[in-house]
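Please look over the sequence and the structure before reading on.

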Amino acid sequence: MNFICEPDLREYMSKRGMRTIAVEIVTSDYSDFEISELHVHLVSDAQARVFREKKGYIGKRTDFGEVLLPPFRLEISDTVTFGLKKVWIFKSISYKGIENPCRV
C-alpha cells in the first residue's frame, strides 16, 4: 500500500504542525435509512494515540507522517492519494483510492 500526499496538503500539515491523517467511517442512522460516509481528517498526536490505543486503529507510517486506518474492512487501492480541497475559506482533505464498502 502506497500513500501519496500532494504538495498543498504537505504544506498545510506543516503549517498546522500535524502529521497524522485519520480515516473514519461515520454513520447516520435514522428510522428510514442509514448513511455511511468516509471522514478523512487531520488529528493531533494526542488524538492519534487515542485512535490507536482505545479505538484499535492501525497506523501506517509514511514519508509525510502517519495514516490511521480503522480496524474494519475498507476498499483500498494499491495507491492512495491525499490532497487539500478548498471551498471558499474552508479546507478539507480529498482522497482517491479508498472507499467505504458499506456505502449506500
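Contact here means that heavy atoms lie within 4.5 Å. This is a predicted model, in which local features need pLDDT of at least 70 and side-chain atom pairs count only at pLDDT 80 or more, while totals for chains, interfaces and linings use all residues. Residues are numbered from 1 along each chain as its sequence is written, and side-chain values use heavy atoms, with hydrogens and water left out.

**Cores**

Phenylalanine 64 is in contact with Phe3, Ile4, Cys5, Arg10, Met13, Arg19, Ile21 and Phe82, when residues up to four places away in sequence are not counted. A nonpolar core is a set of buried Ala, Val, Leu, Ile, Met, Phe, Trp, Tyr and Cys residues joined through side-chain atoms within 4.5 Å, where buried means under 20% relative accessible area, exposed means over 50%, and partly exposed lies in between (1.4 Å probe, protein chains only). The largest such core has 20 residues, and Leu9, Ile21, Val23, Phe64 and Phe82 are those that touch the most other members. At least two residues of this core come from each of β1 (2–5), α1 (7–16), β2, β3, β5, β6 and β7; these labels follow DSSP runs numbered from the N terminus, helices being H or I of at least four residues and strands E of at least two. A second, separate core holds six residues, among them Ala22, Val43, Phe51 and Tyr57.

**Sheets and helices**

Two strands are said to pair if DSSP finds at least two bridges between them. Four strands form an open sheet of mixed pairing in the order β3-β2-β5-β4, with β3 (34–43) and β4 (58–62) as the edge strands, each pairing on one side only. The twist from one strand to the next averages 25°, given that axes are lines fitted to C-alpha atoms, for helices over the stretch in contact, and that angles run from 0 to 180 degrees between N-to-C directions. Strand β2 (residues 20–29) runs antiparallel to β3 and is joined to it by ten bridges, and glutamate 24 stands opposite histidine 39 in β3. Helix α2 (residues 45–53) packs on this sheet, where it touches β2, β3 and β5 (65–69), and its direction makes about 135° with that of β3.

Three strands form another open sheet, also of mixed pairing, in the order β1-β6-β7. Because β1 and β7 stand at the edges with a single partner strand each, one side of each is left without a neighbour in the sheet. Neighbouring strands of this sheet are turned by 15° against each other on average, direction ignored. Nine bridges pair β6 and β7 in the antiparallel sense, and lysine 85 has serine 92 in β7 as its bridge partner. Helix α1 lies across β1, β6 and β7, at about 70° to β6.

| Residue | Relative accessibility | Class |
|---|---|---|
| Tryptophan 88 | 74% | exposed |
| Glutamate 99 | 39% | partly exposed |
| Asparagine 100 | 4% | buried |

Tryptophan 88 is placed in the loop between β6 (75–87) and β7 (90–99), and its phi is near 60°, a positive value in a residue other than glycine. Most residues other than glycine have a negative phi. Glutamate 99 belongs to strand β7 and touches Leu38, Leu74 and Glu75, residues up to four places away in sequence not being counted. Asparagine 100 is in the segment after β7 and, leaving aside neighbours within four places in sequence, is in contact with Ile25, Ser36, Glu37, Leu38 and Leu74.
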